[in-house]
Amino acid sequence: MFLSVDLPSAGPSDWDPCAGCDMPCRKKCPQNAFGRITYDAGQYGGLTKLPGRDGSYSLLTCDRQMAEDEENEIKTPTEVPDYGTAVSIIKYCRECELNCRIKPS
Ligand code: SF4
Ligand code: SF4
């Protein structure tokens, strides 16, 4: 649809998909990377948007899983649909992302 008028912005939405969620994203993490508060707002000049939203996400802990995934690299050529032949495949974790209650439509 095309319109030839300038429409005013409605502004940011107040919708917060994580409010009230039982957080399967965190529970499925094989490394428990969200297991404790790692960052606080004081370290970041009062920022309120912290890793894991509340400062609980540890990149270093997640990195342990990335290293494990790389050790488990599939090194034999494999046919991948819609891609072709991959000479190697590393299946990175993504459990947090894949278990989010909000699915793309
Ligand atoms: S990618 Fe895997 S290891 Fe890293 S935070 Fe997400 S679930 Fe945890
Ligand atoms: S599962 Fe998705 S909606 Fe629920 S807390 Fe995690 S990121 Fe937020």
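Which loop holds Asp82? Asp82 lies in the loop between β1 (78-80) and β2 (84-86); strands are DSSP runs of E with at least two residues, helices are runs of H or I with at least four, and both are numbered from the N terminus.

The model is predicted: local features need pLDDT of at least 70, side-chain atom pairs count only at pLDDT 80 or more, and totals for chains, interfaces and linings use all residues. Residues are numbered from 1 along each chain as its sequence is written, chains are lettered from A and ligands numbered from 1 in the order in which they are written, and side-chain values use heavy atoms, with hydrogens and water left out.

**View 1. Asp82 between β1 and β2.** Phi of Asp82 is near 65°. That value is positive, in a residue other than glycine. Asp82 counts as exposed, at 87% relative accessibility. The cut-offs are under 20% relative accessible area for buried, over 50% for exposed, and partly exposed in between (1.4 Å probe, protein chains only).

**View 2. The shell around ligand 1.** A residue belongs here if one of its heavy atoms lies within 4 Å of the molecule. Two helices, α2 (59-71) and α3 (95-98), each supply at least two shell residues. The largest share, three residues, comes from α2. By class, the shell has nine nonpolar, one polar and two charged residues. Nonpolar covers Ala, Val, Leu, Ile, Met, Phe, Trp, Tyr, Cys and Pro; charged covers Asp, Glu, Lys and Arg; the others, Gly among them, are polar.

**View 3. Ligand 2 in the largest pocket.** Pro17, Cys18, Cys21, Met23, Pro24, Cys25, Cys100, Arg101 and Ile102 surround ligand 2. Eight of these shell residues are nonpolar, none is polar and one is charged. Ligand 2 sits in the largest pocket, a term that requires more than half of its atoms to lie within 2 Å of the grid points. A pocket is an open set of points on a 1 Å grid over the protein atoms alone, where a 1.4 Å probe fits, with protein on both sides within 12 Å along at least five of seven lines.

**View 4. The lining of the largest pocket.** The pocket volume is about 270 Å³. Of the 14 lining residues, Cys18, Met23, Cys25, Arg26 and Arg53 are the closest to the centre. Lining residues have an atom within 4 Å of a point. Volume is the space filled by probe spheres set on the points, which are joined across faces, edges and corners. The lining has nine nonpolar, one polar and four charged residues.

**View 5. Arg26 and Arg53.** Arg26 lies in helix α1. Arg26 is buried, at 18% relative accessibility. Its side chain makes a polar contact of 3.3 Å with the side chain of Asp54. Such a contact is a pair of N or O atoms within 3.5 Å; within protein, one must be able to donate a hydrogen and the other to accept it, and residues adjacent in sequence count only if both atoms are side-chain atoms. Arg53 lies in the loop between α1 and α2. Arg53 is partly exposed, at 48%. Phi of Arg53 is positive, near 75°.

**View 6. Ser58 in the loop between α1 (24-27) and α2.** Ser58 is buried, with a relative accessible area of 10%. A 2.8 Å polar contact joins the side chains of Ser58 and Thr61. The C-alpha atoms of Gly35 and Ser58 are separated by 8.5 Å.
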